[in-house]
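Student: I have a model open and want to learn how to read it. Where do we start?

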Amino acid sequence: MMQRRSFLKSTLAAGAGVSALSLQAAAEDAPQTATGSVFSGKAVVCGPAPDSLTILQPVHGPATGFLEIAVAGGPFQRIEAEAAGLLPYAQHVLKFRLPPVPGGVELRYRVTARPVDFQNAYKILPGEPEAIEPVAIRTLDPASASTRFHIWNDTHENLETLQLLHARTAEARPDFLVWNGDQTNDIYDETLMTGQFLAPGGLPIAAEWPLAYARGNHDVRGPAARKLAEFTGSPDDRYYCAFRSGPVAVLVMDTGEDKPDDHPVFGGLAAFEPMRRRQQAWLAETIQAAWFSEAPFKVLCCHIPLWWKDEVTDVGHWRFSRVCRDAWLPLLVEGGVQLVVSGHTHEPAWLPPGAERPIGQLIGGAPRPQQATLIEGVADDSRLTLTMRRLDGRALETVELTA
Ligand SMILES: [Fe+2]
Ligand SMILES: [Fe+2]
């Protein structure tokens, strides 16, 4: 012990210019956050399929931490966010990828975090650990006979809208929530992103139900948009995914920007076309999977509509946005997708299927409370009903699909 202590002392003194005395003094002065808590909001459960869940815990960094989960009443097991041998040293978010868990079970989770004073490579001082109360969610169940879900869109950081949406979703406790793009106006500052994406106004937007995050055209604007993956838990840090909840198979796809990549406004920094082609290849594979093809109902959620209410006079907007339709529609039809749910125009609309379009499209309103909408989905194995409501509860559209 004496040998080790003197080695440590001499290493620190020679290598990092600190003495054992100052180390001892600093250890007695463990780091603390300005607010008194290391947590800066409730956790968000993202994914949302049971084999791709991610738990995002906002923190007042710098901080580190670990996750514990208990599946179906079992004991808690510890999950580390280790990457290439390193545990987190996070400024804003601790991000935990879960191992695959069964569908349709109770999953309890608990995050423990502590502030870290990283003074130098030889002097890292951990603060007191702090744990959240365990939170229970129910994992999505592909085998369930029914499901209920909510869709938000174009909240654009309008806190009153978010509070009203959250209140209705908290009351209904759906199986999952889709946040269908334009969470923000733009992303300039990493320090604001917890408030933009994880805990707006301190709301626990998806602590107790899984969230499917869809990216909108505003969420790719601004230099810090490149940090978005740190604040979202989409599978493989891309912004498209597919999952099944009871009789409904859901595709979430990323429509990217609303102008061509070579538009001068992007200054040569946009390359959404290759991303759309990657999604085309992914879609071709996804529609072949049995869990998808055998679902009684198939729905696509994507931010920019594939069709516009008026493609004659609104030709500018429509022309720019047609690229996703051209890239994906043949596969959506082949895969039996019956409904597209979008946002972006901020004007609620129902465009029924017919000669002009093979698939019906529901568009949510936004962003002020008087303009915003909540889309509620309810399905059993014979019927899927989507009701688009104003935030005072008034129904604007009801769309019914039969299997
Ligand atoms: Fe928008
Ligand atoms: Fe948009």
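Tutor: Start with burial. A residue is buried if 20 or more other C-beta atoms lie within 10 Å of its own, exposed if 12 or fewer, and partly exposed in between, with C-beta atoms placed from the backbone. Here buried residues make up 42% of the 403 residues in the protein chain. This is a predicted model: local features need pLDDT of at least 70, side-chain atom pairs count only at pLDDT 80 or more, and totals for chains, interfaces and linings use all residues. Residues are numbered from 1 along each chain as its sequence is written, while chains are lettered from A and ligands numbered from 1 in the order in which they are written.

Student: How many helices and strands are there in the protein chain?

Tutor: Helices (H or I, at least four residues) and strands (E, at least two) are DSSP runs, numbered from the N terminus. The protein chain has seven helices and 21 strands.

Student: Which residues of α5 are buried?

Tutor: First, the general idea. An α-helix has 3.6 residues a turn, so residues three or four places apart point the same way. In α5, Phe272, Gln279 and Leu283 are buried. Down the helix axis they fall within an arc of 40 degrees (taken from the directions from the axis to the C-beta atoms), so they line one face of α5.

Student: Which residues are exposed on the other side of α5?

Tutor: Pro274, Arg277, Ala281 and Glu285.

Student: What covers the buried residues of α5?

Tutor: Think contacts: two residues touch in this sense if their C-beta atoms, placed from the backbone, lie within 7 Å. The cover includes β14 (248-253) and α7 (315-334).
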